[in-house]
Amino acid sequence: MDPTLAGILGIAAMLALFMTRMPVAYVMTLTGFVGFALLTSWKGGLNLLSRSFYEAFSSYSLSTIPLFILMGQLAFNSGISRRLYDTAYRFLGHVRGGLAMATVAACSAFGAVCGSSPATAATMATVAIPEMKRYGYADSLAAGSVASGGGLGMIMPPSVVLIVYGVLTGQSIGALFVSGILPAVLLTVLFIAAVGAQCALRPALGPAGRRSTGAERLRSLGGLVDTLLVFALVIGGMFFGWFTPTEAASVGVLGVLALAVARRRLPWRAFVASLEETLRTSCMVLFLVAGATVFGKFLAMTRIPFGVAQWVAGFDLPAFGVMAVIIAIYFVGGCFMDALALIMLTIPIFYPVVQHLGYDPVWFGVIVVLVTQMGVITPPVGINVYVVFGMSRTIAPGMTLESIFKGTMPFLLAIVTGIVLLFLFPQIVLFLPGLMY
């Protein structure tokens, strides 16, 4: 069979299987295995299958993923997220939309110990949505701020998506983590501004709460201590060269566990639940990595990635125009695919193009994460929206999927603004990594 034709048929089969709602990892594995076997031999396909899964589940570089996921689960089950939200509320709750602003700020802070977008959204939904509903917030603003704020966990280090990007491209995971700090802060500010603008135009969306006293605000700062300690230990250790990313993840897990035990906030049942959820999520991510590897090897056999790369690079456009096309492809793809799956499928295609155009790989990694972050709040996939909707069935019955998607639109505009700013001022991304080397 002609390799190019096999590749086209394989991609078509993959898209058709996606429509059946079969898990993405299964689809990529099955399509890649069958396609590779048809182009080589069934024995070759089986060898590829076994090798890809062994390498994914035994990779030292990828061991950071289950460790950071465990750190986030321990932080959630020990109550760190609730204390973060309380601190943010004390300082912002008295202004219009203040609870939504507090939610965004808490999502950003919790992303610093979690690294997973859906996990951040699910965690903050249980804490923030009941409070916002109690104060009369509109469903669109309450749920939209949680779903969108949860996406900050994708860019705020430690980020699982940045880890996978670093493994795929050979870039320093430590540099990628540090590069995400200022863009995450920028995006947090833009999200808070988006809440403020909505409430200025329509005050009924988010009524102001009571003003906290100075003493209450001072006491609430204790809720930041745990997060700041862990963040400083993990990111500071990598920044100054004390730890490798894997060592930093191990130190982070130990730090959160020690703080939880010292505060007597992690009962045995919660500890077991953290381990179970870590195992479940880690297997899902590593299965995705293995499946994408199998499908990527099949695509490499077809030469389609190289053809697409030459096609995009051949556009009669300046470098920023080609980059705009690539970003548009990521945006459209993010509307239909999981962020990790999309990155693992497309990085082998577009990374060489970006290098040829002369863009910094670390900067491109942050841009890719921001664009795919748009996908977690846009239909039809919008994983964060579905997570919040699922949580709302028990904590805020009556909330509709339509209202949540409607509530994420202003935050989508904020992300676009952030991407434009990073295009115009790339040093926002590259300043901190530049201090490391």
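This text walks through the predicted model from overall form to local detail.

The model is predicted: local features need pLDDT of at least 70, side-chain atom pairs count only at pLDDT 80 or more, and totals for chains, interfaces and linings use all residues. Residues are numbered from 1 along each chain as its sequence is written, and side-chain values use heavy atoms, leaving out hydrogens and water.

Start with the fold. The protein chain has 22 helices and zero strands. These are DSSP runs numbered from the N terminus (helices: H or I, at least four residues; strands: E, at least two). The radius of gyration is 22 Å, close to the 22 Å that the globule rule gives for 437 residues, so the chain is as compact as a globular protein of that length. That radius is taken over C-alpha atoms, and the rule is 2.2 Å times the number of residues to the power 0.38. Along the principal axes, the C-alpha atoms fill a box of roughly 70 × 45 × 45 Å.

Next, burial. Buried residues make up 53% of the 437 residues. Buried means under 20% relative accessible area, exposed over 50%, and partly exposed in between (1.4 Å probe, protein chains only).

Helix 9 (residues 160–169) is a mostly covered element: eight of its 10 residues are buried. Among them are V160, V161, L162 and I163. The cover includes helix 4 (64–77), helix 10 (173–179), helix 15 (268–302), helix 18 (339–357) and helix 19 (361–375). At the start of helix 9, a side-chain oxygen of S159 comes within 3.4 Å of the backbone nitrogen of V161. Just after the helix, G170 has a positive phi of about 80°.

One joins E277 and R280, with the closest N and O atoms 2.6 Å apart. These residues are three apart in helix 15, which means about one helical turn separates them. E277 is partly exposed at 27% relative accessibility, while R280 is exposed at 52%. The other joins K133 and D139 at 2.3 Å, N to O. K133 is partly exposed at 35%.

Last, the surface. L413, V416, V420, L424 and F425 make a nonpolar patch of about 480 Å². Patch residues have over 30% relative accessible area and no salt bridge; like charges are joined within 9 Å, nonpolar side chains (Val, Leu, Ile, Met, Phe, Trp, Tyr) within 5 Å. F425 sits in the loop between helix 21 (401–424) and helix 22 (427–436). F425 is partly exposed, at 47%.

Technical notes. Accessible areas come from the Shrake-Rupley method with a 1.4 Å probe; for residues, only the protein chains shown count as cover. A salt bridge is a side-chain nitrogen of Lys or Arg within 4 Å of a carboxyl oxygen of Asp or Glu. Contact means heavy atoms within 4.5 Å. A polar contact is a pair of N or O atoms within 3.5 Å; within protein, one must be able to donate a hydrogen and the other to accept it, and residues adjacent in sequence count only if both atoms are side-chain atoms.
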